[in-house]
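Thank you all for coming.

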Amino acid sequence: MGRSDRQQFNSGSLQEADQLVLGREAYEERAWDDAYRFFWRAGEAAPLAVDDLERLAMSADLTGRDEEYLRALERTHHAYLDAGECRRAARCAFWLGLRLVFRGEMAQAAGWFGRAHRLLEREPHDCAEQGYLMLPHVEQQLASGNLEAAYAAASGAVEIGERFADVDLVACARHLQGRVLLRQRRTAEGFALLDEAMVSVTAGELSPLLTGLIYCSVIEACQQVHALGRAREWTSALGRWCAEQPQLISFSGTCLMHRAEIKRLSGAWQHAIDEAQQAVERLTQSNNRRDTAGAWYQLAEVYRLRGDFDVAEQAYRSASQHGFEPQPGLALLRLAERHIDAAAAAIRRVMGATTDQVRRIRLLPAHVEIMLAADDIEEARRACHELADVGESYGTEPLRALAAHARGAVELAEGEAQAALTWLRQALEGWQQVEAPYEAARVGVMIGQACRALGDNDGAELELQAARTVFRQLGAMPDLSRVDILLGMRSDGARGLSARELQVLRLVAAGKTNKQIANELDLSGKTVDRHVSNIFNKLDVPTRAAATAWAYEHRLV
(Lines give C-alpha, C1' and ligand atoms only; values in the text may rest on other atoms or scores of the structure.)
Protein backbone atom coordinates (compact mmCIF):
# COMPACT_ATOMS: atom_id res chain seq x y z
CA MET A 1 0.00 0.00 0.00
CA GLY A 2 1.49 3.36 -1.03
CA ARG A 3 1.40 6.58 0.94
CA SER A 4 -1.56 7.97 -1.00
CA ASP A 5 -3.51 4.83 -0.13
CA ARG A 6 -2.53 5.07 3.51
CA GLN A 7 -3.65 8.70 3.63
CA GLN A 8 -7.17 7.64 2.66
CA PHE A 9 -7.56 5.99 6.04
CA ASN A 10 -9.16 8.04 8.77
CA SER A 11 -6.68 7.59 11.59
CA GLY A 12 -9.40 8.03 14.17
CA SER A 13 -11.35 5.01 12.87
CA LEU A 14 -8.42 2.61 12.55
CA GLN A 15 -7.93 -0.11 15.12
CA GLU A 16 -4.59 -0.42 16.91
CA ALA A 17 -3.76 -3.52 14.84
CA ASP A 18 -4.40 -1.62 11.63
CA GLN A 19 -2.17 1.23 12.79
CA LEU A 20 0.63 -1.24 13.52
CA VAL A 21 0.29 -2.95 10.14
CA LEU A 22 0.39 0.37 8.34
CA GLY A 23 3.29 1.56 10.50
CA ARG A 24 5.37 -1.53 9.76
CA GLU A 25 4.54 -1.26 6.09
CA ALA A 26 5.55 2.41 5.97
CA TYR A 27 8.75 1.59 7.86
CA GLU A 28 9.73 -1.05 5.31
CA GLU A 29 9.00 1.43 2.51
CA ARG A 30 11.20 4.04 4.27
CA ALA A 31 8.24 6.39 4.57
CA TRP A 32 9.55 7.56 7.91
CA ASP A 33 7.00 10.25 8.74
CA ASP A 34 4.07 7.94 7.99
CA ALA A 35 5.69 5.21 10.08
CA TYR A 36 6.21 7.54 13.02
CA ARG A 37 2.61 8.74 12.98
CA PHE A 38 1.12 5.25 12.76
CA PHE A 39 3.30 3.85 15.54
CA TRP A 40 2.65 6.88 17.71
CA ARG A 41 -1.13 6.55 17.28
CA ALA A 42 -0.97 2.81 17.98
CA GLY A 43 1.05 3.52 21.10
CA GLU A 44 -1.60 5.97 22.27
CA ALA A 45 -4.15 3.17 22.20
CA ALA A 46 -2.05 0.45 23.84
CA PRO A 47 1.59 -0.19 24.81
CA LEU A 48 3.78 -1.05 21.85
CA ALA A 49 5.75 -4.25 21.62
CA VAL A 50 9.48 -3.62 22.01
CA ASP A 51 10.26 -4.12 18.30
CA ASP A 52 7.63 -1.54 17.40
CA LEU A 53 8.97 0.82 20.06
CA GLU A 54 12.37 0.53 18.39
CA ARG A 55 10.81 1.30 15.00
CA LEU A 56 9.06 4.30 16.53
CA ALA A 57 12.39 5.58 17.86
CA MET A 58 14.16 5.14 14.53
CA SER A 59 11.32 6.85 12.65
CA ALA A 60 11.46 9.76 15.07
CA ASP A 61 15.21 10.08 14.55
CA LEU A 62 15.03 10.03 10.76
CA THR A 63 12.28 12.66 10.69
CA GLY A 64 14.21 15.08 12.89
CA ARG A 65 12.13 14.56 16.04
CA ASP A 66 15.08 14.62 18.39
CA GLU A 67 13.30 14.74 21.74
CA GLU A 68 10.77 12.11 20.64
CA TYR A 69 13.66 9.90 19.52
CA LEU A 70 15.34 10.09 22.92
CA ARG A 71 12.10 9.38 24.77
CA ALA A 72 11.17 6.43 22.53
CA LEU A 73 14.67 4.97 22.70
CA GLU A 74 14.71 5.24 26.50
CA ARG A 75 11.35 3.45 26.61
CA THR A 76 12.80 0.77 24.34
CA HIS A 77 15.81 0.43 26.64
CA HIS A 78 13.58 -0.13 29.68
CA ALA A 79 11.36 -2.56 27.76
CA TYR A 80 14.41 -4.68 26.94
CA LEU A 81 15.51 -4.51 30.59
CA ASP A 82 12.08 -5.68 31.71
CA ALA A 83 12.33 -8.57 29.25
CA GLY A 84 15.75 -9.52 30.60
CA GLU A 85 17.49 -8.75 27.29
CA CYS A 86 20.53 -6.93 28.61
CA ARG A 87 22.44 -6.91 25.33
CA ARG A 88 19.62 -5.18 23.47
CA ALA A 89 19.16 -2.79 26.39
CA ALA A 90 22.89 -2.00 26.25
CA ARG A 91 22.67 -1.29 22.54
CA CYS A 92 19.88 1.21 23.18
CA ALA A 93 22.00 2.81 25.90
CA PHE A 94 24.85 3.14 23.40
CA TRP A 95 22.63 4.97 20.89
CA LEU A 96 21.27 7.22 23.60
CA GLY A 97 24.81 8.13 24.64
CA LEU A 98 25.87 8.76 21.07
CA ARG A 99 22.97 11.11 20.39
CA LEU A 100 23.72 13.03 23.58
CA VAL A 101 27.35 13.37 22.44
CA PHE A 102 26.07 14.93 19.20
CA ARG A 103 24.02 17.35 21.30
CA GLY A 104 27.06 18.27 23.39
CA GLU A 105 25.52 16.81 26.59
CA MET A 106 28.65 14.92 27.56
CA ALA A 107 27.85 14.14 31.20
CA GLN A 108 24.56 12.45 30.33
CA ALA A 109 26.25 10.66 27.43
CA ALA A 110 28.92 9.28 29.76
CA GLY A 111 26.16 8.05 32.07
CA TRP A 112 24.47 6.06 29.33
CA PHE A 113 27.76 4.62 28.07
CA GLY A 114 28.58 3.63 31.65
CA ARG A 115 25.21 1.91 32.02
CA ALA A 116 25.77 0.01 28.77
CA HIS A 117 29.16 -1.24 30.01
CA ARG A 118 27.64 -2.33 33.32
CA LEU A 119 24.87 -4.25 31.56
CA LEU A 120 27.35 -6.09 29.39
CA GLU A 121 29.36 -7.12 32.44
CA ARG A 122 26.41 -9.34 33.32
CA GLU A 123 26.60 -11.17 30.01
CA PRO A 124 28.42 -14.51 30.15
CA HIS A 125 29.53 -14.38 26.52
CA ASP A 126 31.12 -11.88 24.16
CA CYS A 127 28.74 -9.94 21.92
CA ALA A 128 28.65 -7.32 19.15
CA GLU A 129 27.56 -4.65 21.62
CA GLN A 130 31.05 -4.73 23.13
CA GLY A 131 32.33 -3.54 19.76
CA TYR A 132 29.84 -0.70 19.60
CA LEU A 133 31.00 0.53 22.99
CA MET A 134 34.55 0.73 21.65
CA LEU A 135 33.51 3.35 19.08
CA PRO A 136 33.21 6.30 21.53
CA HIS A 137 36.69 5.35 22.79
CA VAL A 138 38.00 5.62 19.23
CA GLU A 139 36.53 9.11 18.90
CA GLN A 140 37.96 10.16 22.27
CA GLN A 141 41.45 8.99 21.32
CA LEU A 142 41.16 10.72 17.94
CA ALA A 143 40.16 13.97 19.61
CA SER A 144 43.08 13.81 22.04
CA GLY A 145 45.59 12.94 19.31
CA ASN A 146 46.34 9.41 20.58
CA LEU A 147 46.25 7.97 17.09
CA GLU A 148 47.84 4.59 17.84
CA ALA A 149 45.32 3.94 20.59
CA ALA A 150 42.47 5.09 18.34
CA TYR A 151 43.54 2.74 15.56
CA ALA A 152 43.89 -0.20 17.96
CA ALA A 153 40.40 0.39 19.35
CA ALA A 154 38.90 0.69 15.86
CA SER A 155 40.66 -2.51 14.80
CA GLY A 156 39.27 -4.28 17.85
CA ALA A 157 35.77 -3.15 16.94
CA VAL A 158 36.23 -4.41 13.36
CA GLU A 159 37.30 -7.82 14.70
CA ILE A 160 34.25 -8.05 16.95
CA GLY A 161 31.94 -6.95 14.14
CA GLU A 162 33.35 -9.57 11.79
CA ARG A 163 33.12 -12.29 14.45
CA PHE A 164 29.43 -11.58 15.00
CA ALA A 165 28.66 -10.74 11.34
CA ASP A 166 27.42 -7.26 12.30
CA VAL A 167 27.80 -5.29 9.06
CA ASP A 168 26.87 -1.98 10.72
CA LEU A 169 29.66 -2.33 13.27
CA VAL A 170 32.23 -3.49 10.72
CA ALA A 171 31.55 -0.60 8.33
CA CYS A 172 31.53 2.01 11.10
CA ALA A 173 34.72 0.76 12.74
CA ARG A 174 36.51 0.35 9.41
CA HIS A 175 35.72 3.91 8.36
CA LEU A 176 37.11 5.06 11.73
CA GLN A 177 40.31 3.15 10.93
CA GLY A 178 40.45 5.12 7.69
CA ARG A 179 39.99 8.43 9.49
CA VAL A 180 42.83 7.57 11.89
CA LEU A 181 45.13 6.70 8.99
CA LEU A 182 44.34 10.04 7.34
CA ARG A 183 45.32 11.80 10.54
CA GLN A 184 48.58 9.84 10.44
CA ARG A 185 49.11 11.13 6.88
CA ARG A 186 48.85 7.59 5.52
CA THR A 187 46.57 8.95 2.85
CA ALA A 188 46.37 6.08 0.37
CA GLU A 189 45.69 3.52 3.12
CA GLY A 190 43.16 5.80 4.80
CA PHE A 191 41.19 6.46 1.64
CA ALA A 192 41.25 2.75 0.81
CA LEU A 193 39.52 1.93 4.10
CA LEU A 194 37.04 4.78 3.73
CA ASP A 195 36.18 3.59 0.22
CA GLU A 196 35.80 0.01 1.48
CA ALA A 197 33.39 1.12 4.19
CA MET A 198 31.44 3.11 1.62
CA VAL A 199 30.89 -0.04 -0.46
CA SER A 200 28.58 -1.32 2.28
CA VAL A 201 26.91 2.07 2.50
CA THR A 202 26.15 2.50 -1.20
CA ALA A 203 25.12 -1.15 -1.57
CA GLY A 204 22.32 -0.59 0.95
CA GLU A 205 23.72 -3.17 3.37
CA LEU A 206 23.49 -1.00 6.48
CA SER A 207 20.72 0.33 8.68
CA PRO A 208 19.44 3.81 7.75
CA LEU A 209 21.02 5.42 10.80
CA LEU A 210 24.51 4.00 10.19
CA THR A 211 24.18 4.75 6.47
CA GLY A 212 23.61 8.44 7.14
CA LEU A 213 26.24 8.70 9.87
CA ILE A 214 28.98 7.09 7.78
CA TYR A 215 28.11 9.15 4.71
CA CYS A 216 28.47 12.36 6.71
CA SER A 217 31.64 11.29 8.52
CA VAL A 218 33.41 10.20 5.33
CA ILE A 219 32.46 13.41 3.50
CA GLU A 220 33.75 15.48 6.41
CA ALA A 221 37.03 13.53 6.44
CA CYS A 222 37.46 14.15 2.70
CA GLN A 223 36.76 17.86 3.08
CA GLN A 224 39.23 18.20 5.95
CA VAL A 225 42.11 17.12 3.71
CA HIS A 226 40.67 18.84 0.62
CA ALA A 227 39.95 15.61 -1.24
CA LEU A 228 37.47 17.57 -3.34
CA GLY A 229 36.82 14.87 -5.94
CA ARG A 230 35.90 12.28 -3.33
CA ALA A 231 33.84 14.81 -1.36
CA ARG A 232 31.85 15.66 -4.49
CA GLU A 233 31.32 12.00 -5.33
CA TRP A 234 30.14 10.96 -1.88
CA THR A 235 27.99 14.07 -1.46
CA SER A 236 26.24 13.28 -4.74
CA ALA A 237 25.66 9.72 -3.52
CA LEU A 238 24.30 11.02 -0.21
CA GLY A 239 22.01 13.36 -2.12
CA ARG A 240 20.61 10.46 -4.14
CA TRP A 241 20.07 8.41 -0.99
CA CYS A 242 18.21 11.29 0.64
CA ALA A 243 16.13 11.91 -2.50
CA GLU A 244 14.96 8.30 -2.45
CA GLN A 245 13.40 8.99 0.97
CA PRO A 246 11.33 12.19 0.65
CA GLN A 247 10.28 12.00 4.32
CA LEU A 248 13.88 11.86 5.54
CA ILE A 249 14.85 15.00 7.49
CA SER A 250 17.86 14.19 9.66
CA PHE A 251 20.56 13.59 7.07
CA SER A 252 19.02 15.66 4.29
CA GLY A 253 19.99 18.85 6.15
CA THR A 254 23.59 17.71 6.55
CA CYS A 255 23.66 16.74 2.88
CA LEU A 256 22.53 20.25 1.95
CA MET A 257 25.29 21.72 4.12
CA HIS A 258 27.94 19.64 2.34
CA ARG A 259 26.44 20.46 -1.03
CA ALA A 260 26.56 24.18 -0.19
CA GLU A 261 30.32 23.97 0.41
CA ILE A 262 30.89 22.10 -2.82
CA LYS A 263 28.70 24.53 -4.77
CA ARG A 264 30.71 27.42 -3.34
CA LEU A 265 34.00 25.86 -4.40
CA SER A 266 32.54 25.08 -7.82
CA GLY A 267 31.45 28.69 -8.35
CA ALA A 268 27.68 28.16 -8.09
CA TRP A 269 27.32 30.74 -5.35
CA GLN A 270 23.59 31.40 -5.49
CA HIS A 271 22.91 27.67 -5.38
CA ALA A 272 25.29 27.48 -2.40
CA ILE A 273 23.29 30.16 -0.59
CA ASP A 274 19.97 28.49 -1.38
CA GLU A 275 21.13 25.10 -0.15
CA ALA A 276 22.83 26.48 2.97
CA GLN A 277 19.62 28.32 3.90
CA GLN A 278 17.61 25.11 3.45
CA ALA A 279 20.21 23.28 5.53
CA VAL A 280 19.85 25.77 8.38
CA GLU A 281 16.09 25.25 8.41
CA ARG A 282 16.23 21.45 8.38
CA LEU A 283 19.12 21.14 10.82
CA THR A 284 17.47 23.54 13.25
CA GLN A 285 14.33 21.41 13.06
CA SER A 286 16.28 18.27 13.97
CA ASN A 287 18.27 20.04 16.74
CA ASN A 288 21.61 19.33 15.05
CA ARG A 289 23.55 22.29 16.43
CA ARG A 290 26.91 21.23 15.04
CA ASP A 291 25.81 21.01 11.42
CA THR A 292 23.51 24.02 11.78
CA ALA A 293 26.62 25.99 12.71
CA GLY A 294 28.41 24.58 9.66
CA ALA A 295 25.56 25.67 7.40
CA TRP A 296 25.67 29.19 8.85
CA TYR A 297 29.41 29.28 8.20
CA GLN A 298 28.91 28.28 4.57
CA LEU A 299 26.36 31.08 4.17
CA ALA A 300 28.79 33.54 5.70
CA GLU A 301 31.58 32.48 3.35
CA VAL A 302 29.56 33.15 0.20
CA TYR A 303 28.26 36.48 1.47
CA ARG A 304 31.82 37.53 2.32
CA LEU A 305 33.06 36.65 -1.15
CA ARG A 306 30.18 38.59 -2.71
CA GLY A 307 30.94 41.66 -0.63
CA ASP A 308 27.81 41.47 1.54
CA PHE A 309 29.88 42.11 4.64
CA ASP A 310 27.09 42.95 7.09
CA VAL A 311 25.13 39.83 6.19
CA ALA A 312 28.30 37.75 6.33
CA GLU A 313 29.15 38.98 9.81
CA GLN A 314 25.70 38.09 11.10
CA ALA A 315 26.02 34.60 9.63
CA TYR A 316 29.46 34.15 11.23
CA ARG A 317 27.95 35.22 14.54
CA SER A 318 25.14 32.68 14.12
CA ALA A 319 27.74 29.97 13.49
CA SER A 320 29.56 31.03 16.65
CA GLN A 321 26.34 30.98 18.70
CA HIS A 322 25.88 27.35 17.64
CA GLY A 323 29.33 26.44 18.93
CA PHE A 324 31.43 26.79 15.76
CA GLU A 325 34.71 28.70 15.62
CA PRO A 326 33.99 31.08 12.68
CA GLN A 327 37.59 31.17 11.56
CA PRO A 328 39.31 31.76 9.28
CA GLY A 329 36.27 33.32 7.61
CA LEU A 330 35.76 36.10 10.14
CA ALA A 331 39.44 37.08 10.01
CA LEU A 332 39.26 37.19 6.22
CA LEU A 333 36.17 39.39 6.51
CA ARG A 334 38.15 41.81 8.67
CA LEU A 335 40.92 41.74 6.06
CA ALA A 336 38.42 42.55 3.30
CA GLU A 337 37.18 45.46 5.42
CA ARG A 338 40.84 46.59 5.67
CA HIS A 339 40.93 46.04 9.43
CA ILE A 340 44.30 44.36 9.07
CA ASP A 341 45.31 44.49 12.73
CA ALA A 342 42.05 42.84 13.78
CA ALA A 343 42.45 40.17 11.10
CA ALA A 344 46.03 39.46 12.16
CA ALA A 345 45.13 39.26 15.85
CA ALA A 346 42.27 36.83 15.13
CA ILE A 347 44.24 34.47 12.93
CA ARG A 348 47.23 34.46 15.28
CA ARG A 349 44.95 33.72 18.22
CA VAL A 350 43.23 30.77 16.56
CA MET A 351 46.45 29.38 15.08
CA GLY A 352 48.07 29.51 18.51
CA ALA A 353 45.15 27.62 20.04
CA THR A 354 44.95 24.94 17.32
CA THR A 355 47.41 22.08 17.65
CA ASP A 356 45.54 19.44 15.66
CA GLN A 357 47.18 19.24 12.22
CA VAL A 358 43.97 18.49 10.31
CA ARG A 359 42.22 21.49 11.86
CA ARG A 360 45.20 23.70 11.06
CA ILE A 361 44.85 22.86 7.36
CA ARG A 362 41.82 25.11 6.88
CA LEU A 363 43.54 27.97 8.75
CA LEU A 364 46.94 28.02 7.05
CA PRO A 365 46.02 29.62 3.67
CA ALA A 366 44.28 32.50 5.45
CA HIS A 367 47.21 32.81 7.84
CA VAL A 368 49.58 33.32 4.89
CA GLU A 369 47.28 35.84 3.20
CA ILE A 370 46.70 37.90 6.34
CA MET A 371 50.35 37.93 7.39
CA LEU A 372 51.35 39.21 3.94
CA ALA A 373 48.77 41.98 4.25
CA ALA A 374 50.24 42.79 7.67
CA ASP A 375 53.75 42.93 6.15
CA ASP A 376 54.94 40.04 8.31
CA ILE A 377 56.61 38.08 5.53
CA GLU A 378 58.61 35.90 7.90
CA GLU A 379 55.49 34.59 9.66
CA ALA A 380 53.80 34.14 6.28
CA ARG A 381 56.77 32.09 5.08
CA ARG A 382 56.64 29.83 8.16
CA ALA A 383 52.94 29.18 7.56
CA CYS A 384 53.70 28.61 3.89
CA HIS A 385 56.28 25.92 4.75
CA GLU A 386 53.81 24.20 7.06
CA LEU A 387 51.17 24.23 4.33
CA ALA A 388 53.67 22.83 1.81
CA ASP A 389 54.50 20.01 4.24
CA VAL A 390 50.81 19.20 4.68
CA GLY A 391 50.20 19.33 0.92
CA GLU A 392 53.06 16.95 0.26
CA SER A 393 51.94 14.54 3.00
CA TYR A 394 48.30 14.29 1.98
CA GLY A 395 48.90 14.67 -1.72
CA THR A 396 45.43 15.91 -2.67
CA GLU A 397 45.36 18.29 -5.62
CA PRO A 398 43.57 21.17 -3.86
CA LEU A 399 46.07 21.05 -0.97
CA ARG A 400 48.96 21.15 -3.41
CA ALA A 401 47.30 24.08 -5.17
CA LEU A 402 46.84 25.92 -1.87
CA ALA A 403 50.48 25.33 -0.99
CA ALA A 404 51.70 26.49 -4.40
CA HIS A 405 49.44 29.57 -4.22
CA ALA A 406 50.85 30.46 -0.80
CA ARG A 407 54.44 29.97 -1.95
CA GLY A 408 53.82 32.13 -5.02
CA ALA A 409 52.26 34.87 -2.89
CA VAL A 410 55.25 34.92 -0.54
CA GLU A 411 57.77 35.00 -3.41
CA LEU A 412 55.84 37.85 -5.02
CA ALA A 413 55.77 39.80 -1.75
CA GLU A 414 59.55 39.42 -1.52
CA GLY A 415 60.02 40.76 -5.05
CA GLU A 416 60.88 37.39 -6.62
CA ALA A 417 58.39 37.62 -9.48
CA GLN A 418 59.98 34.95 -11.68
CA ALA A 419 60.04 32.41 -8.84
CA ALA A 420 56.48 33.40 -7.95
CA LEU A 421 55.29 32.63 -11.47
CA THR A 422 56.57 29.06 -11.28
CA TRP A 423 54.53 28.35 -8.16
CA LEU A 424 51.47 30.30 -9.29
CA ARG A 425 51.29 28.41 -12.58
CA GLN A 426 51.27 25.16 -10.58
CA ALA A 427 48.49 26.50 -8.39
CA LEU A 428 46.45 27.63 -11.39
CA GLU A 429 46.73 24.21 -13.01
CA GLY A 430 45.63 22.55 -9.79
CA TRP A 431 42.55 24.73 -9.33
CA GLN A 432 41.57 24.32 -12.97
CA GLN A 433 41.90 20.57 -12.62
CA VAL A 434 39.41 20.44 -9.74
CA GLU A 435 37.15 23.07 -11.38
CA ALA A 436 37.40 25.75 -8.70
CA PRO A 437 36.96 28.97 -10.73
CA TYR A 438 37.19 31.51 -7.91
CA GLU A 439 40.43 30.12 -6.56
CA ALA A 440 41.84 29.91 -10.08
CA ALA A 441 40.91 33.55 -10.74
CA ARG A 442 42.62 34.68 -7.52
CA VAL A 443 45.78 32.96 -8.66
CA GLY A 444 45.35 34.61 -12.06
CA VAL A 445 45.44 38.05 -10.43
CA MET A 446 48.78 37.23 -8.82
CA ILE A 447 50.11 35.92 -12.11
CA GLY A 448 49.12 39.23 -13.68
CA GLN A 449 50.96 41.12 -10.95
CA ALA A 450 54.05 38.97 -11.44
CA CYS A 451 53.94 39.56 -15.21
CA ARG A 452 53.71 43.29 -14.64
CA ALA A 453 56.66 43.18 -12.23
CA LEU A 454 58.68 41.50 -14.98
CA GLY A 455 57.72 44.17 -17.51
CA ASP A 456 55.24 42.00 -19.44
CA ASN A 457 52.32 44.42 -19.45
CA ASP A 458 50.43 42.62 -22.22
CA GLY A 459 50.62 39.35 -20.30
CA ALA A 460 49.54 41.14 -17.14
CA GLU A 461 46.47 42.62 -18.78
CA LEU A 462 45.44 39.28 -20.29
CA GLU A 463 45.64 37.55 -16.91
CA LEU A 464 43.85 40.33 -15.07
CA GLN A 465 41.08 40.60 -17.66
CA ALA A 466 40.53 36.83 -17.52
CA ALA A 467 40.28 36.98 -13.74
CA ARG A 468 37.99 39.98 -13.93
CA THR A 469 35.59 38.08 -16.18
CA VAL A 470 35.36 35.25 -13.65
CA PHE A 471 34.86 37.60 -10.71
CA ARG A 472 32.12 39.44 -12.55
CA GLN A 473 30.34 36.19 -13.43
CA LEU A 474 30.54 35.00 -9.84
CA GLY A 475 29.53 38.33 -8.32
CA ALA A 476 32.80 38.52 -6.35
CA MET A 477 32.56 42.27 -5.87
CA PRO A 478 35.57 42.88 -3.57
CA ASP A 479 37.86 40.98 -5.93
CA LEU A 480 36.36 42.71 -8.94
CA SER A 481 37.07 46.09 -7.38
CA ARG A 482 40.69 45.13 -6.67
CA VAL A 483 41.22 43.96 -10.24
CA ASP A 484 39.68 47.17 -11.56
CA ILE A 485 42.27 49.11 -9.60
CA LEU A 486 45.07 46.98 -11.04
CA LEU A 487 43.70 47.53 -14.54
CA GLY A 488 43.39 51.27 -13.97
CA MET A 489 39.63 51.17 -14.45
CA ARG A 490 38.75 53.08 -11.30
CA SER A 491 39.57 56.76 -11.52
CA ASP A 492 40.18 58.21 -8.08
CA GLY A 493 39.31 54.90 -6.48
CA ALA A 494 35.90 55.03 -8.16
CA ARG A 495 35.25 58.16 -6.11
CA GLY A 496 35.18 56.06 -2.92
CA LEU A 497 32.40 53.69 -4.00
CA SER A 498 32.19 50.55 -1.88
CA ALA A 499 32.11 47.10 -3.43
CA ARG A 500 28.33 46.94 -2.90
CA GLU A 501 27.83 50.42 -4.40
CA LEU A 502 29.84 49.38 -7.47
CA GLN A 503 27.58 46.34 -7.79
CA VAL A 504 24.48 48.55 -7.58
CA LEU A 505 25.97 51.02 -10.08
CA ARG A 506 26.53 48.26 -12.62
CA LEU A 507 22.90 47.18 -12.28
CA VAL A 508 21.73 50.79 -12.63
CA ALA A 509 23.81 51.02 -15.80
CA ALA A 510 22.14 47.81 -17.01
CA GLY A 511 18.78 49.57 -16.81
CA LYS A 512 17.51 47.90 -13.64
CA THR A 513 15.02 49.69 -11.40
CA ASN A 514 15.66 49.93 -7.68
CA LYS A 515 13.02 47.29 -7.07
CA GLN A 516 14.65 44.92 -9.56
CA ILE A 517 18.05 45.55 -7.98
CA ALA A 518 16.63 44.80 -4.52
CA ASN A 519 15.21 41.49 -5.77
CA GLU A 520 18.41 40.51 -7.57
CA LEU A 521 20.69 41.30 -4.64
CA ASP A 522 18.26 40.11 -1.96
CA LEU A 523 18.25 43.56 -0.31
CA SER A 524 15.47 45.73 1.03
CA GLY A 525 14.14 48.54 -1.13
CA LYS A 526 15.29 51.13 1.43
CA THR A 527 18.83 49.73 1.35
CA VAL A 528 18.99 50.02 -2.43
CA ASP A 529 17.57 53.55 -2.30
CA ARG A 530 20.33 54.50 0.13
CA HIS A 531 23.02 52.93 -2.07
CA VAL A 532 21.77 54.79 -5.16
CA SER A 533 21.69 58.08 -3.24
CA ASN A 534 25.26 57.48 -2.02
CA ILE A 535 26.37 56.75 -5.59
CA PHE A 536 24.87 60.01 -6.88
CA ASN A 537 26.56 61.97 -4.09
CA LYS A 538 29.98 60.36 -4.50
CA LEU A 539 29.99 60.67 -8.28
CA ASP A 540 28.41 64.14 -8.15
CA VAL A 541 25.81 63.18 -10.75
CA PRO A 542 22.11 64.15 -10.70
CA THR A 543 20.45 61.23 -12.53
CA ARG A 544 20.62 57.53 -13.28
CA ALA A 545 21.52 58.36 -16.88
CA ALA A 546 24.49 60.42 -15.71
CA ALA A 547 25.60 57.62 -13.36
CA THR A 548 25.33 55.15 -16.24
CA ALA A 549 27.44 57.39 -18.47
CA TRP A 550 30.07 57.67 -15.73
CA ALA A 551 30.19 53.88 -15.36
CA TYR A 552 30.73 53.40 -19.10
CA GLU A 553 33.31 56.16 -19.23
CA HIS A 554 35.32 54.43 -16.49
CA ARG A 555 34.87 50.99 -18.08
CA LEU A 556 33.01 49.54 -15.12
CA VAL A 557 30.47 47.85 -17.40
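In this predicted model, helix H24, which covers residues 397–413, and helix H26, which covers residues 437–453, have axes that come within 11 Å and cross at roughly 30 degrees. Angles under 35 degrees count as roughly parallel, and H24 and H26 are therefore roughly parallel to each other. The crossing in which H24 passes H26 is left-handed. On the H24 side the contact involves His405, Ala409 and Leu412, and these meet Arg442, Val443, Met446, Gln449 and Ala450 in H26. Sorted by class, the residues of this contact of H24 with H26 are five nonpolar, two polar and one charged.

Let me turn to the other partner of this helix. Helix H25, residues 417–433, packs with H26 at an angle of about 160 degrees, and their axes are 9 Å apart. Since angles over 145 degrees count as roughly antiparallel, H25 is therefore roughly antiparallel to H26. Here too we have a left-handed crossing, as H25 passes H26. Among the residues that make the contact are Leu421, Leu424, Leu428 and Trp431 of H25, together with Val443, Met446, Ile447 and Ala450 of H26. The contact of H25 with H26 has 13 nonpolar residues, one polar and two charged.

Finally, how many of the ten residues of helix H28 are buried? The count is seven, so that this helix, residues 477–486, is mostly covered; the buried residues include Met477, Pro478, Leu480 and Val483, and also Asp479 and Asp484. After H28 comes glycine 488, whose phi is positive, near 75 degrees.

Methods. Residues numbered from 1 in each chain as written. Predicted model: local features only at pLDDT ≥ 70, side-chain atom pairs only at ≥ 80, totals over all residues. Heavy atoms only, no water. Buried < 20%, exposed > 50% of the residue type's maximum accessible area, 1.4 Å probe, protein only. Helix = DSSP H or I, 4+ residues; strand = E, 2+ residues; numbered from the N terminus. Axes fitted to C-alpha atoms, helices over the stretch in contact; angles between N-to-C directions. Parallel < 35°, antiparallel > 145°, perpendicular 65-115°, else oblique. Left-handed = near helix turned anticlockwise from the far one by under 90°. Contact = heavy atoms within 4.5 Å. Nonpolar A, V, L, I, M, F, W, Y, C, P; charged D, E, K, R; others polar.
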